[in-house]
Each structure stands twice: as structure tokens, then as C-alpha cells.
Amino acid sequence: MNKIRSVITGTGSYIPENTISGKHFLEHTFFDGGVKIDKDNEEIIQKFSDITEINERRYINDDQLNHDIGLIAAQRAIEDAKIDKESLDYIIFCHNFGDVKHNSNRVDMLPALAAKVKLQLGIINPDCVAFDLIFGCPGWVQGMIQADYLIRSGDAKHVLVIGSETLSRIVDPHDRDSMIFADGAGATILSAVTNDDTKGILAHKAQTHASHADMLIMGASNDPSEQNGNAYIKMKGRKLYEFAVITVPQLVKQAIDKSGVDVKQIKMVFIHQANGKMDHAIMKRLFKLYGEDTIPEKLVPMTISWLGNSSVATVPTLIDLVLKNKVDGYEIKEGDHAVFASVGAGMHINAIVYKF
């Protein structure tokens with residue numbers, strides 16, 4: 001019987017043009033618990049940067065929407081894969097807030113963003129099925145897991161998986177934590193390869209800890225005077241940090257063990273760019289689970305310092321940049337083993353073990 005393996009054949013990303021430094025927030029008024037924070041904004045911004053390692057983030061242009069930037073990443077992935085777009089069997093668009101217009105704070109999720117991208121790509125084939133996946137920040141990793149199931153079932157040969165988000169449209173300007181969030185898009189083509197055990201997805205693992213769902217939610221502005229009914233992305237930063245540092249290493253270990261790969265064979269970990277210090281702590285704890293006190297050098301490429309947290313876009317963007325030699329000091333070679341991992345609203349956790 002022929003064995004089918006899911007292999008990345010193309011990648012693409014879109015990094016918005018607008019660089020937003022800490023100075024952007026100097027005129028903001030921040031509240032905590034409905035009370036104005038009695039600290040200078042420069043001090044608030046610097047402390048935030050020290051904790052998260054975020055110095056800059058990217059925002060889209062006023063005339064752009066989420067599906068617009070997802071389309072750009074998709075076009076680049078299709079071009080990189082050198083396939084006919086009509087050969088796509090599925091388009092999976094991973095996001096959380098659909099299209100949000102500039103200054104509107106209202107989400108538009110119908111029709112599916114995947115269908116909008118299919119239309120703009122000009123794909124005529126009705127057998128190319130386009131749907132969205134809502135899974136918090138781990139959405140793109142989960143989209144890849146779903147694509148792997150479709151491919152291994154024999155139902156698909158090529159699947160386009162997009163991770164794109166415009167969090168700048170859904171943040172509360174009166175919330176310090178809003179400085180974490182950014183915009184961006186990444187995409188991959190996952191293709192079926194038969195009778196080739198040398199590369200592709202080896203294993204994956206996902207969990208939902210719904211009892212912790214209140215760590216990332218939608219809520220009213222921190223400014224108690226705002227009474228317009230708007231809802232913004234909200235998170236309990238400290239609790240989320242503690243949750244991720246404990247649970248993510250355990251799940252990643254399960255995925256690695258399931259793959260049969262020795263942890264020392266893992267050359268790179270593409271982890272969701274949510275908080276620099278949190279990601280380092282997760283890696284340290286992962287290797288401790290294997291009895292290792294040190295983390296290999298050049299294991300975890302990071303873009304959070306200059307791209308911020310673009311939710312579902314962070315992992316596919318990071319993979320695209322590394323594969324195209326755009327992250328200094330990091331290079332993936334044929335035969336290298338890697339992990340893709342994420343954590344976010346749900347609370348969802350997932351990981352994929354992949355061989356390039």
C-alpha cells in the first residue's frame with residue numbers, strides 16, 4: 001500500500017509596511033481595572049518591551065483588509081510551490097476576527113475569507129473547497145494538522161493553508177497589553193508525496209484546555225468612560241504566561257515522542273511569537289523534561305522584536321523567512337527535523353514535528 005506523506009512545497013508571507021515603535025503609544029491613556037495607571041508612558045512602554053522583547057510591530061495600511069494580505073501571502077506560496085492554482089483541492093484560511101475595516105471595530109466573516117481569497121486568485125475549479133478555521137493564535141498550526149488529515153486520507157493532493165490577522169483593528173488603545181499585537185500573513189502549500197519517508201509531517205498533537213478559556217477573551221475597553229459597545233481582544237498576561245510555560249513543553253514532548261525522533265535531532269523550533277521571554281522559558285522547560293540542562297544554540301529563531309505578535313501569522317511567516325534566509329544566523333537544511341508549536345485563545349495548544 002502506498003504511504004502518503006504531507007510535505008511543504010511552497011511558502012509565502014506578507015509583512016506590512018508600517019513599522020510601529022513604542023513612540024506610537026506615548027500619547028495613549030492606559031487604564032488597569034478601570035483606574036488610570038499613574039505612571040509615565042515612557043516607563044510603561046519600556047517595561048513592556050523588557051518583559052516581551054517587543055520593540056516594534058507592523059500594522060496594515062488603512063485601505064487593506066485581512067483577506068487582502070492573506071491573498072498576497074497565498075500568491076507568494078503558490079508561486080514558490082510552482083503549481084497550477086487550479087490544482088488546489090482546499091484553501092484553509094486561519095484567522096480569528098475576519099475582515100475588520102479601519103476605524104470600525106466590527107468583524108466581517110461572511111463569506112469565508114478563504115472564499116474571498118479563492119475569488120481573488122481567480123480559481124474556477126469548484127472542487128477547490130475553501131473554508132475558514134478559528135482556533136486562536138494556534139490556528140495556522142491547526143490548519144496544517146487538518147490539511148495533513150485531508151492529504152493522508154487521499155482526498156487532497158495540494159492544500160493552501162493561510163494564517164493571517166489584523167489585530168491592530170481589534171485592540172484597545174487603553175490597554176497596555178495591546179502593544180503586543182500586530183498584523184501579518186503567512187501561507188504554505190502542503191502537498192501529497194507518495195512512498196517518500198525522507199521528509200514531511202511526522203507527527204502532531206493538539207489540546208484544548210477550555211477551563212482556561214478566560215485568559216484570552218473579547219471584552220470592553222479598559223477606559224470606563226467608553227460606552228459604545230465595542231469589544232476588544234483582552235488577555236490575562238501573567239496567567240497566560242504561567243499556563244504556557246507549564247503546558248506547552250509537555251505537549252511538544254508528546255508530539256516529539258510520537259514522532260519517534262530523538263529530541264537531540266530537533267534542529268529548529270518555530271514557536272508562536274507571543275512573548276520572547278515566555279518562548280525561551282518554554283524551550284528551557286522542554287529540554288529539562290528530557291533531562292537536558294542546556295538548549296542547543298540557534299534552536300529558536302525569533303522575529304517578535306521587530307514584528308510583534310501577529311497571532312496565526314507568526315509561525316508561517318517565521319518559517320517562510322528562515323527558508324528564504326531572511327533571519328540572520330538561522331538556516332534549515334534538507335533532512336533537518338523541526339517543531340512548529342503554538343498556544344492561544346481556547347486555550348488551545350498544538351505542535352507538529354516536521355522533517356525538511
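**A sheet, a helix and a pocket**

So, helix α8, residues 314-323, lies across β1, β10 and β11, at about 90° to β1. Contact there means heavy atoms within 4.5 Å; helices (H or I, at least four residues) and strands (E, at least two) are DSSP runs numbered from the N terminus. Axes are lines fitted to C-alpha atoms, for helices over the stretch in contact, with angles from 0 to 180 degrees between N-to-C directions.

Quick caveats: this is a predicted model, where local features need pLDDT of at least 70, side-chain atom pairs count only at pLDDT 80 or more, and totals for chains, interfaces and linings use all residues. Numbering starts from 1 along each chain as its sequence is written, and side-chain values use heavy atoms, with hydrogens and water left out.

Now, in what order do the five strands of the open sheet come? It's β1-β11-β10-β6-β9, with mixed pairing, where a pair needs at least two DSSP bridges. β1 (4-14) and β9 (129-134) are the edges; each has a single partner strand, so one side of each lacks a neighbour in the sheet. Inside it, β10 (158-166) and β11 (183-194) run antiparallel, joined by nine bridges, and Val159 sits opposite Leu190 in β11.

Over to the lining of the largest pocket: α1 (41-52), α5 (237-259) and β16 (337-344) each supply at least two residues, and α1 gives the most, with six.
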